[in-house]
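This report describes a protein chain together with its ligand. Please keep the sequence and the structure in view while reading.

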Amino acid sequence: MTLSPTDRSTIRRAKERAASNRSALYEVLDRNLVCHLGVIVDGAPRVLPTGYARAGDTLFIHGSSGARSLRTDDQVCVTVTELNGIVYARSVFHFSVNYASAVIHGVPETLAGQRKLDALRVITEHLAPGSWEHARRPDKKELAQTTVLALSLEEAAVKIRTGDPKDEDSDLELPTWAGVLPIEQAFAAPLPSADLNTGIPIPGHVTARTATTPAR
Ligand SMILES: Cc1cc2nc3c(=O)[nH]c(=O)nc-3n(C[C@H](O)[C@H](O)[C@H](O)COP(=O)(O)OP(=O)(O)OC[C@H]3O[C@@H](n4cnc5c(N)ncnc54)[C@H](O)[C@@H]3O)c2cc1C
């Protein structure tokens, strides 16, 4: 089962880990903050980490208008990786990791005008909810310095591994520890900027995220 019907987005290896539900894609994208954008630049692959956000069935990516990786109307591949644990097995062959990951294939569209501004709001609110209202919005010059790409989520795959190591039956009696070392990430206490004017409290939309909200 796949999220999309194309050949290249069909998970073949360990296909029991493939998610078949589109909501799994939304969940992975909405839980995480960083993607890797793979593009071909001058005939060679280039894969760069960058922020993103999702609205409906569209992924938004932004950056400097000078960025070569964003100057594309060709095929791209975007991945989002969530590392949830190290899986210790009884044999090194079966060591693994628990994860959820998404791969999106497609040709992005460069946004302009109101659609570009709307996408920047979505990106800002995904990274730092409440900030579009709180902070100054981009002016004309800043907008000109920013490229925003929209990529359809039509052609995508999600793969999820959970649980114990998959050891050989013949290894189960070995005196070797096996199990999972979970990985967790959380926001810590906010650190006010050293040049912050006095009397500006930490806003609620920032303090609300401390400790309780996982981020990746
Ligand atoms: C954190 C992490 C660590 C990993 N470490 C290893 C490792 O060390 N060795 C290893 O062999 N594999 C590892 N994987 C799995 C790896 O991503 C591939 O799924 C696997 O290597 C199979 O590759 P393939 O070319 O045979 O994929 P295929 O199944 O042939 O890929 C076909 C299509 O399936 C989709 N797809 C493939 N992999 C993924 C994925 N992970 N998430 C979402 N969609 C996917 C893509 O659309 C791809 O074009 C890791 C995955 C994660 C998330």
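Which residues are closest to the ligand? Among the 16 residues that surround the ligand, the closest are R13, S101, V103, A157 and K159, where a residue counts as near a molecule if its C-beta atom, placed from the backbone, lies within 6 Å of it.

## Basis of the model

This is a predicted model, in which local features need pLDDT of at least 70 and side-chain atom pairs count only at pLDDT 80 or more, whereas totals for chains, interfaces and linings use all residues. Residues are numbered from 1 along each chain as its sequence is written.

## Shell around the ligand

Two or more residues of the shell come from each of β5 (76-88), β6 (96-106) and β9 (156-161), and β6 contributes the most, with five residues. Strands here are DSSP runs (E, at least two residues), as are helices (H or I, at least four), numbered from the N terminus.

By class, the shell holds eight nonpolar, four polar and four charged residues; Ala, Val, Leu, Ile, Met, Phe, Trp, Tyr, Cys and Pro count as nonpolar, Asp, Glu, Lys and Arg as charged, and the others, Gly among them, as polar.

## Domains and overall fold

An automatic or database assignment provides the domain bounds, dividing the protein chain into domain 1 (15-85 + 97-164) and domain 2 (185-216). Their centres, taken over C-alpha atoms, are separated by 24 Å. Seven residues of domain 1 are in contact with four of domain 2, contact being C-beta atoms, placed from the backbone, within 7 Å.

The protein chain has five helices and 10 strands, and its C-alpha trace spans about 65 × 45 × 30 Å along its principal axes.

Methods
Contact = placed C-beta atoms within 7 Å.
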